[in-house]
Amino acid sequence: MGQALIDETDLLILRQLIHDSTLSHKEIGMTVHMTGQAVGARIRRLRELGVITGYSVGWNPEKLGLHVHALITVFLNSGGAHRMFLQFVEAEEEIEEAHRVSGEGCYWMRALTQSPERLNALLDRLLKYGNYKVSLAISRIK
């Protein structure tokens with residue numbers, strides 16, 4: 001994808017959607033001085049180009065009883081463990097995101113659990129694939 005396919009108006013539209021994906025095309029159009037129909041066409045084009053890949057919802061995990069926010073660095077036992085580990089990650093609902101990384105560890109994961117006991121159970125299941133290092137989030141900055 002060439003950068004020339006995206007102009008400043010596209011970037012303004014994208015920034016507004018990143019900030020609040022519930023904005024209507026008309027609301028975005030008022031900011032970028034376009035009709036809602038023209039904004040909709042630009043958004044469709046951004047999806048076709050792969051710039052917009054989906055929409056998400058901001059939510060408060062604590063309101064659902066998920067009080068423990070853990071950042072986990074995973075050190076796999078062997079190179080052959082990756083495939084099984086990825087299946088484990090997909091199956092575990094408490095793992096919110098996972099990234100394969102270079103540097104320290106093989107993967108970084110973010111997990112949300114209801115209690116320290118639930119986190120401990122998740123970590124016990126993780127030991128089948130390797131070792132880990134855990135940091136607990138104490139507040140969200142951004």
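A word on the source before the details. What you see is a predicted model, and residue numbers count from 1 along the chain.

I will start with the overall layout. The protein chain has five helices and four strands. Read from the N terminus, the order of elements is α-α-α-β-α-β-β-α-β. The radius of gyration is 20 Å, whereas the globule rule gives 14 Å for 142 residues, so the chain is more spread out than a compact globule. Along the principal axes, the C-alpha trace spans about 55 × 35 × 25 Å. As for burial, 32% of the 142 residues count as buried.

Next, the domains. The assignment divides the chain into domain 1, residues 8-49, and domain 2, residues 61-136. How many Å separate the centres of domain 1 and domain 2? Taken over C-alpha atoms, the separation is 36 Å.

H33 sits in the loop between α2, residues 25-32, and α3, residues 36-48. Its phi is positive, about 60 degrees, although H33 is not a glycine. For context, most residues other than glycine have a negative phi. The side of the story that concerns solvent is simple: H33 is exposed, with a relative accessible area of 70%.

Now the aromatic residues. A search of the whole structure finds four aromatic pairs. One of them is F85 with Y129, an edge-to-face pair with 6.1 Å from centre to centre and 70 degrees between the planes. Why does this pair tie together parts that are apart in sequence? F85 lies in helix α4, residues 82-91, while Y129 lies in the loop between α5, residues 116-126, and β4, residues 130-136, so the pair links parts 44 residues apart in sequence. Are these two residues buried or exposed? F85 is buried, at a relative accessible area of 0%. Y129 also counts as buried, at 10% relative accessibility.

Y129 has another partner in F88. That pair is tilted, with 5.0 Å between the centres and 40 degrees between the planes. F88 is in helix α4 and Y129 in the loop between α5 and β4, so this pair ties together parts that are 41 residues apart in sequence. F88 is buried as well, with a relative accessible area of 8%. Taken as a group, F85, F88, Y107 and Y129 are linked into a cluster by ring pairs.

Helix α4 also holds M84. M84 counts as partly exposed, at 35% relative accessibility. From M84 to K128 the distance is 9.8 Å, C-alpha to C-alpha, and the two are 44 residues apart in sequence.

That brings me to the largest pocket. Its volume is about 810 Å³. The lining is made of 31 residues, and V57, G58, W59, R110 and R140 lie nearest the centre of the pocket. Which elements supply at least two residues each to the lining? They are α1, residues 8-19, β2, residues 95-100, and β3, residues 107-113. The largest share, four residues, comes from α1. By class, the lining has 14 nonpolar, ten polar and seven charged residues.

On the domain level, the lining of this pocket draws at least three residues from each of domain 1 and domain 2.

R140 is found in the segment after β4. R140 is exposed, with a relative accessible area of 73%, and is among the residues nearest the centre of the largest pocket. The C-alpha atoms of R140 and H69 are separated by 9.8 Å, although the two residues are 71 apart along the chain.

Ring pairs link F85, F88, Y107 and Y129 into a cluster. The largest pocket takes lining residues from both domain 1 and domain 2. That is the end of the talk.

Conventions. Predicted model: local features only at pLDDT ≥ 70, side-chain atom pairs only at ≥ 80, totals over all residues. Heavy atoms only, no water. 1 Å grid on protein atoms, 1.4 Å probe; cavity = no way out; pocket = protein on both sides within 12 Å on 5 of 7 lines; lining within 4 Å. Points joined across faces, edges and corners; volume = space filled by probe spheres on them. Nonpolar A, V, L, I, M, F, W, Y, C, P; charged D, E, K, R; others polar. Domains from an automatic or database assignment. Phe/Tyr/Trp six-rings, centres within 6.5 Å; stacked < 30°, edge-to-face > 60°. Buried < 20%, exposed > 50% of the residue type's maximum accessible area, 1.4 Å probe, protein only. Rg over C-alpha atoms; globule rule 2.2 N^0.38 Å.
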